[in-house]
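Dear colleague,

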Amino acid sequence: MIESEPYYFTGDGIEHRPEYWDVRVAFEKIGIPLGDFIVRLVGVYARPRPIGFKFDSRTPGRLRTMAEFRKRALALDDPGTAQGRFMSAQASGASYRQIGAGPALHLEISDSGKDCDAHLDTQGFVMGPGSYDWNRALAHGYWDLGPSLVPGLYGAFGNTGVVGPMVRPMRGVDGSMRWVVGLTGKW
């Protein structure tokens, strides 16, 4: 097993990583048997990134159709709307997100079937088709996109803990506000 970049594994044996199986089983629970669509497993993400994997699919159109039929579970980031275009800007193709707060599945299906992506975001923010909770989307940006874009700034601890950089105003014991630079985390 080779770690080609922080928290992303490629090479022999990645199909045995628990992150791969956790996400694959979660998709099966909502009726999408991803194993039927995977031609080649490209890489596996580990915490602090959202856990999941990249894969190639021989039948991306069929996978997209299956995701469309899971409207109670998944919502398309509709590129025909400004919100959907913004939400799918980081995706490599059609972007389907699990509806609800808390941990949420995210499936990206490229038109070519190359480098499709299935992962579990720690912060769900889709409340229904075309409906986003923007406060939760900010947490998604920090805890899910941040570790994916600059993984070296984030770390993982314990079974579920994640730590990342922090810059924010804080009231001191004397009552004055000052900017504090440090680390923040969640578990």
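Helices (H or I, at least four residues) and strands (E, at least two) are DSSP runs, numbered from the N terminus. This is a predicted model, in which local features need pLDDT of at least 70 and side-chain atom pairs count only at pLDDT 80 or more, while totals for chains, interfaces and linings use all residues. Residues are numbered from 1 along each chain as its sequence is written, and side-chain values use heavy atoms, with hydrogens and water left out.

The cavity. On a 1 Å grid over the protein atoms alone, a cavity is a set of points where a 1.4 Å probe fits but cannot get out, and a pocket is an open set with protein on both sides within 12 Å along at least five of seven lines; lining residues have an atom within 4 Å of a point. Grid points are joined across faces, edges and corners, and a volume is the space filled by probe spheres set on the points. There is one cavity of 30 Å³ or more, and the largest cavity holds about 40 Å³ of space. At least two residues of its lining come from each of β6 (94-98), β7 (100-109) and β8 (116-128), and β8 gives the most, with five residues.

The largest pocket contains about 550 Å³ of space. Of its 27 lining residues, Gln90, Ala91, Glu108, Leu145 and Ser148 lie nearest its centre. The helix α4 (134-149) gives the most to this lining, with eight residues. The second largest pocket contains about 240 Å³, and β8 gives the most to its lining, with three residues.

Yours sincerely
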